[in-house]
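Hello,

Here is the structure I promised to hand over. Please open it first, then read my notes below.

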Amino acid sequence: MTHTQSAGLNRKFLWGGASAANQMEGAFDEAGKGLTTADLAVFVDKTTGQKPKKELSLEDIAELKARDGNFPKRRGNDFFHRYEEDIALLGELGVTAYRFSISWARIFPNGDDATPNEAGLQFYSEVIDACRRANIEPVITLSHFDTPLAIVENYGGWSNRKVVDLFRAYAQTVFRRYAGRVAYWMTFNEINAALEIPFKGAGLAFSNSPSYEADTHRGLHHQLLASALVTSDLREISPDAQMGCMDASFLTYPYSSDPEDVWLALNENRAYYLYTDIQALGVFPAWYRKDLERRGLSIELTEDELALIKEHTVDYISFSYYMSFVASADPSRQKGEGNLKGGVDNPYLPQTDWGWSIDPLGLRIALNDMYDRYRLPLMISENGFGAVDKIVDGTVHDPDRISYLRQHIAALIAAVEEDGVDCFAYLVWSPIDMISAGTSEMKKRYGFVYVDFDDTGAGSGARIKKDSFAWYQKVIASNGADLG
Ligand code: BG6
């Protein structure tokens, strides 16, 4: 399949939504599924001033496994039992693509089992069929923040080279099973999480050991190798399908024209492009090699493995975009909240209730930057607005979400129509409310569809269309011409 560039949005432009198994499915111990890193995310009430612990040690894991408590990702929004209703809603919304992830532990409960779990394979088969019946193209992420826990406990997570082969066996299994039914795959959600939040991103238990830093970089290198290997596998097993990479956009502006700020921003940006440089261009950049050297670290991959990474680069690039970041050499500048990492507050931009800056032009900049750099088709695999929603008269009025999405879609259209960027898909995070990845809250909602569960899991689980549902329906039906 090729993506041709033309004036305006291509008629085959994919309008869609995106989600992740660990935030949607629930049923964490049903149908043979094993535990994952996400099943240990415990709810922390923000009003207590506490923050969820992101990096768990082996001791933390043992303690959390034994503890009763509020683990929201174990129950998700109950998609596992309600997928037919949910996909019917997506069909009614008119989306032409739906990105979801397969939970590795539903297919191989321990990550290294001799045979796959048929109940898990069957579940995703039904999800794919339901999408196809609704004329929705499935876009599948192989790993979205839910490494099987046994891989963490028994192998030391992605820092262990053996995990590359285990992941490859899992990927080959699902490629074979769903061959011909899935056109778009991607390997690791926000692969930059491997370095930013190693437990969630690379299944690496935190330790004070001096080798921890080396382990996180090795974990990333193994994920990059695994991406190349499964890309080559996909080309053999399902030659018509495409493999993409997925990065969290960390587009960073200098706080001022002070060269120190500019230099810092340059360094932040190239640290962000590191992953796509490797997955799209096949090279580990010189600055990164030098940086590793300075820290006394190295790339422990063989020449053959490096050649594989060079050879099997991705077909398309996808990235999540929620906000832009700011770099300042002045340490006293206020530190803000953000997606995966914090930063300096941008005085020119408003923020969401969670402190994420709102920057639609940043999306146009990010698209242009990516396209200038890689000249590959782009997919916006996540963009959305997290907010508290209230039911009023049986529905939710969410003008702020509509306004956020309208401005970002306008920026995307400008990038395509005016700047000639080849962007072929826009996927909103998330069409149906689900558990937040960062905070495990249910009240941080992104959906066009409200889900009647609260942070404790109380509620009927009923699905209720918000105002934004009819709005996005119109956007899709008009192929972006009518932004309301
Ligand atoms: C991305 C993740 O970082 O941001 C999603 O890929 C996540 O899993 C999304 O849900 C929004 O973040 P949060 O923390 O608001 O759920």
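A backbone N or O atom of alanine 437 lies 2.7 Å from an oxygen atom of the ligand. This is a predicted model, so please read every value as computed. For glutamine 23, the distance to a ligand oxygen is 2.7 Å. For serine 436, the distance to a ligand oxygen is 3.2 Å. On its own, the ligand has 380 Å² of accessible area, and the protein covers 98% of that.

Which residues come nearest to the ligand? Out of 15 around it, they are Gln23, Glu190, Ala437, Lys444 and Tyr446. By class, the shell holds 6 nonpolar, 6 polar and 3 charged residues.

Now the aromatic rings. The whole structure contains 33 aromatic pairs. One of them joins tryptophan 471 and tyrosine 472. Their centres are 6.4 Å apart, with 25° between the planes. That pair counts as stacked because its angle is under 30 degrees. Tryptophan 471 counts as buried, because its relative accessibility is 6% and the cut-off is under 20%. Tyrosine 472 is buried as well, at 0%.

Elsewhere, ring pairs link a cluster made of Phe79, Phe80, Tyr83, Tyr98, Phe100, Phe123 and Tyr124.

Best wishes

Notes
Residues numbered from 1 in each chain as written. Predicted model: local features only at pLDDT ≥ 70, side-chain atom pairs only at ≥ 80, totals over all residues. Heavy atoms only, no water. Near = heavy atom within 4 Å. Polar contact = N/O pair within 3.5 Å; in protein donor to acceptor, adjacent residues only side chain to side chain. Areas by Shrake-Rupley, 256 points an atom, 1.4 Å probe, with all protein chains shown as cover. Nonpolar A, V, L, I, M, F, W, Y, C, P; charged D, E, K, R; others polar. Phe/Tyr/Trp six-rings, centres within 6.5 Å; stacked < 30°, edge-to-face > 60°. Buried < 20%, exposed > 50% of the residue type's maximum accessible area, 1.4 Å probe, protein only.
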